[in-house]
Amino acid sequence: MTRLDPKEFKSDVKPVWCPGCGDYAVLSSLTKSLAELELLPHEVAVVSGIGCSSRLPAYTNCYGFHGVHGRALAVGAGLKLARPELAVVVAGGDGDGFSIGGNHFLHACRRNVDLTYVVMDNRVYGMTKGQPSPTTEADWENSAMAPHGTGVQPFNPLAVAVAAGANFVARAFSGDPNGTAAIVSEAMRHPGFSLVVVMSPCVTYREEEREWKTLVRPAPPATDDAAEAARRLMGDDGFNIGVVFKGHRAPWMPRAAAATAVADLERRFLIRGQAALSS
Amino acid sequence: MTSSVTIALYGSGGAGVMTAANMLVDAAAAAGWYALFGRSSGAQIRGGEAAAMVRLATHPVESVDDAIDILLALDWQNMQRFAAELPLGPHSVIVTDPAAGEVPEIMAGSGARVAVLPMKELAKTVPGGRANMVGLGAVAALIGLPPERLTEVLGASLKAKHADAFDASVAAVRIGAEAVGGLGRGRPLEPPAASGARWAITGNQAAGLGALRGGVRFCAAYPITPATEMLEWLAGALPGLGGVFVQAEDELASINMCIGASFGGVPALTATSGPGLSLMIEALGLAVASETPLVVVDVQRGGPSTGIPTKSEQADLDIAVHGLHGDAPHLVVAPQSIADCLFATQWAVHLAETLQAPCVVLSDQSLGQSRAVIDAPSDPGPVGRRALAPAARGAAYRRYALTAAGISPLAVPGMPGLQFTADGLEHGETGTPSAQAADHAAQLDKRSRKLTGYDYGPAWATVEGAGDIAVVTWGSCTGPAREAIARAAEHGVLARLVAPRLLSPALPSAMAAALAGARRVLVVEQSHSGQFHKHLRAEYDLPGEVESFHRPGPLPMRPGEILARLLEMGERP
């Protein structure tokens with residue numbers, strides 16, 4: 001198989017993202033990873049919901065589906081189950097995935113369909129111009145919607161994913177595109193549902209996130225023990241970068257059954273004594 | 001002799017009313033009659049009182065009758081909750097067990113003749129005998145159903161595994177049949193006329209089968225009364241066809257999974273009821289904008305909110321046709337009978353796939369959860385076919401190309417060189433998001449044009465008869481309306497039936513042709529606010545005097561209600 005240049009996975013559509021947005025680097029990491037996996041653009045589908053990062057599919061040269069807010073994982077699961085031979089990447093942000101799409105996130109982890117979910121976490125709603133998201137710190141006061149902070153504990157998506165049954169859980173940082181590409185490739189190779197939360201700063205509404213590059217550090221090597229992974233994730237400060245958990249659950253696929261024809265199903269409705277009649 | 005008889009079996013939990021009714025239907029079907037079998041239960045999850053309502057006839061049955069001919073009660077627990085669903089008249093017969101106490105005044109007050117049959121006592125004369133089987137034998141004898149048909153049915157369900165129960169049931173049925181001599185005049189049904197293959201099927205099963213015949217191979221859904229049986233049937237059927245069934249976490253996931261599968265090229269369907277449809281509305285708009293084929297079956301129940309989950313109403317028309325935000329043209333189709341649940345759903349798949357649009361199928365509880373004996377369909381029916389994009393030829397693929405018909409050739413993932421991003425954002429021809437006025441107008445026009453310009457053929461409506469009164473109705477009210485029109489003709493009042501199967505888009509010229517020459521229009525529907533009447537008023541020019549007969553569920557529409565209005569209209573100058 002010939003390996004394409006990552007550029008071949010990019011479209012010529014100009015992103016709506018602000019200068020300095022971490023999502024540019026995530027897009028580059030993704031295309032690098034798709035090339036590295038020796039995939040072809042028409043074999044890949046990128047599915048998203050709504051938000052800044054959810055605009056990503058159209059910036060690739062893959063098949064893309066840009067749906068409604070919060071439902072990307074459902075669209076992605078339906079697509080993968082209907083067309084298992086496709087590589088399906090679901091992309092989005094923290095609000096799309098963990099707030100409005102929270103229930104689908106839990107059940108995607110549980111269901112363990114062979115998807116890779118790349119969440120660009122910037123701890124803010126950027127597209128609607130700066131409201132707190134489920135991962136925003138409780139005391140962040142720079143939003144007119146929560147001028148005194150939310151007073152609500154942020155969501156820990158990685159710990160929740162481990163608890164809910166995700167088969168691969170990792171944290172990446174957009175400031176390290178090569179590292180992110182390596183993690184995304186590993187996630188796509190790993191069977192089942194893989195979560196990659198990429199810390200992707202919003203320099204427009206969360207200027208202070210520029211400092212993330214000084215705070216991140218490598219995570220300890222991945223574990224296959226969910227309890228150990230949960231302990232690490234409940235205890236860390238959110239800046240450990242790397243694969244945290246790699247499980248061994250087989251991906252969920254629909255049950256196969258002995259082949260029947262629609263006509264066989266119809267015969268079961270024949271009234272008594274007519275079983276020999278064909279409809 | 002009569003060409004139709006309606007039997008109700010009533011009893012509390014464990015009395016075996018539903019078992020007996022199913023056997024009655026199966027035996028009558030084997031004898032060559034047609035049947036319609038509906039049920040009503042109390043609020044208990046399992047057990048509790050239940051009424052089985054069975055209409056048997058020499059002809060296909062697509063409506064309940066005005067009254068019960070034979071009411072057989074194994075007991076009278078909580079009868080007051082069911083009385084309105086079991087209308088009796090002076091011609092009716094109540095068969096009651098003295099062990100069950102007095103016939104409640106609410107039933108006896110109808111003037112129905114009361115016949116006493118000690119079912120429990122008679123059952124005790126057979127080891128392992130059950131009162132419901134004694135009652136079944138009595139009912140069979142009253143209508144002239146040959147006892148060997150019941151024996152065959154009992155044999156099919158019991159003989160292999162429960163030989164003792166089989167012997168006891170056959171004996172109990174015989175004792176019941178022998179005891180009817182003391183019950184007075186029966187209701188013998190004319191000999192059956194049916195020939196050819198017939199099916200015993202529920203509306204939910206028929207809709208599921210129609211979906212599969214149309215090409216659906218993916219279903220994601222969330223359980224909800226009264227649609228669940230369709231999902232259970234599809235869950236069993238899809239894997240053998242190489243298809244996929246997924247129980248989703250909620251209705252939002254259901255419809256979005258279906259959209260994902262359909263984007264992948266696999267025809268997809270979900271089924272739900274009103275509350276679920278409400279949750280699916282946003283994604284229906286996504287299917288409109290992204291031009292993703294999709295079928296959503298809404299088995300309507302009483303609303304609003306949780307409403308009356310176990311009983312029928314036609315009050316989701318408004319949300320199905322008008323519930324989407326933005327200008328979102330889509331398809332709405334309604335089956336007119338249990339048999340039509342098959343065709344209408346199959347047609348819905350065909351339309352959705354051909355027109356790259358979502359189609360809502362408005363079934364209801366009275367169709368979905370009732371079981372009928374129908375003629376097996378002779379026509380294989382339409383199959384959904386998408387206009388697929390030709391292989392890539394250099395020029396950039398325009399997924400949303402502005403074609404004359406409004407239908408743009410569709411690519412699915414895996415086709416080389418045709419990659420695009422389907423989008424719920426307004427877009428230009430390539431799919432790239434656009435907020436420009438010209439793109440918005442062009443795409444709105446195309447999405448509307450592809451639906452209004454399509455030739456739906458004669459399936460768009462049932463149009464029968466030529467009287468100068470037109471009964472305009474839809475869905476499950478079609479059967480009662482047809483029966484009312486036939487009875488009105490016996491009184492010299494001629495009416496025609498116009499029942500659109502296609503509720504959206506509206507077809508003004510087809511409706512005008514169907515109503516040409518009508519002087520009076522009677523609109524019939526099962527909705528408190530007259531949703532269908534308002535819909536007709538908004539979309540069509542209705543000729544002459546228009547009268548709306550609308551009332552809510554959950555009581556089924558009965559032919560006599562419509563007949564009374566027709567006769568009154570016929571008397572006017």
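**Salt bridges, a sheet and an interface**

Colleague: How many salt bridges does a search of the whole structure find?

Modeller: The search gives 38 salt bridges over all chains. Please keep in mind that this is a predicted model.

Colleague: What makes Glu291(B) and Lys446(B) a salt bridge?

Modeller: Their closest N and O atoms are 2.6 Å apart. The cut-off is a Lys or Arg side-chain nitrogen within 4 Å of an Asp or Glu carboxyl oxygen, so the pair of Glu291(B) and Lys446(B) qualifies. Glu291(B) sits in the loop between helix H10 (274-290) and S11 of chain B, while Lys446(B) belongs to helix H14 (residues 437-452) of chain B, so the pair ties together parts that are 155 residues apart in sequence.

Colleague: Are these two partners, Glu291(B) and Lys446(B), buried or exposed, and how do you know that?

Modeller: The relative accessible area is 1% for Glu291(B) and 0% for Lys446(B). Buried means under 20%, so Glu291(B) is buried and Lys446(B) is buried too.

Colleague: How do you know that Arg519(B) forms a salt bridge with Asp468(B)?

Modeller: Here the closest N and O atoms are 3.0 Å apart, and the limit is 4 Å, so Arg519(B) and Asp468(B) count as a salt bridge. This pair links distant parts of the chain, 51 residues apart: Arg519(B) is in the loop between helix H16 (508-515) and strand S20 (520-525) of chain B, and Asp468(B) is in the loop between strand S16 (461-464) and strand S17 (469-473) of chain B.

Colleague: Why is Arg519(B) called partly exposed?

Modeller: Its relative accessible area is 43%.

Colleague: What makes Glu545(B) and Arg572(B) a salt bridge?

Modeller: Their closest N and O atoms are 2.9 Å apart, and the requirement is within 4 Å, so this pair passes. Glu545(B) is in strand S21 (residues 545-550) of chain B and Arg572(B) in the segment after helix H18 (559-571) of chain B, so parts that are 27 residues apart in sequence are tied together. Glu545(B), at 39% relative accessibility, counts as partly exposed, and Arg572(B) is partly exposed at 24%.

Colleague: Why are strand S9 and strand S19 of chain B called edge strands?

Modeller: They belong to an open sheet of seven strands in chain B, ordered S9-S8-S10-S11-S13-S12-S19, with mixed pairing. Strand S9 (244-247) and strand S19 (502-504) each pair on one side only.

Colleague: How do you know that S8 and S10 of chain B pair?

Modeller: Two bridges join strand S8 (residues 218-221) to strand S10 (residues 268-272), and they run parallel. Pairing requires at least two bridges, so S8(B) and S10(B) meet the rule. Cys219(B) stands opposite Leu269(B) in S10(B).

Colleague: Now the interface: how many residues of chain A are in contact with chain B?

Modeller: In chain A, 47 residues are in contact with 63 residues of chain B. The buried area is about 4400 Å², with carbon and sulfur atoms giving 65% of it. Tyr63(A), Phe269(A) and Arg272(A) lose the most area on the chain A side, together 19% of what that side buries.

Colleague: How many salt bridges are there between chain A and chain B?

Modeller: The count is two. Glu249(B) forms a salt bridge with Arg111(A), with 2.7 Å between the closest N and O atoms.

Note on methods:
Residues numbered from 1 in each chain as written. Chains lettered and ligands numbered in written order. Predicted model: local features only at pLDDT ≥ 70, side-chain atom pairs only at ≥ 80, totals over all residues. Heavy atoms only, no water. Helix = DSSP H or I, 4+ residues; strand = E, 2+ residues; numbered from the N terminus. Buried < 20%, exposed > 50% of the residue type's maximum accessible area, 1.4 Å probe, protein only. Contact = heavy atoms within 4.5 Å. Buried area = accessible area lost by both parts, 1.4 Å probe.
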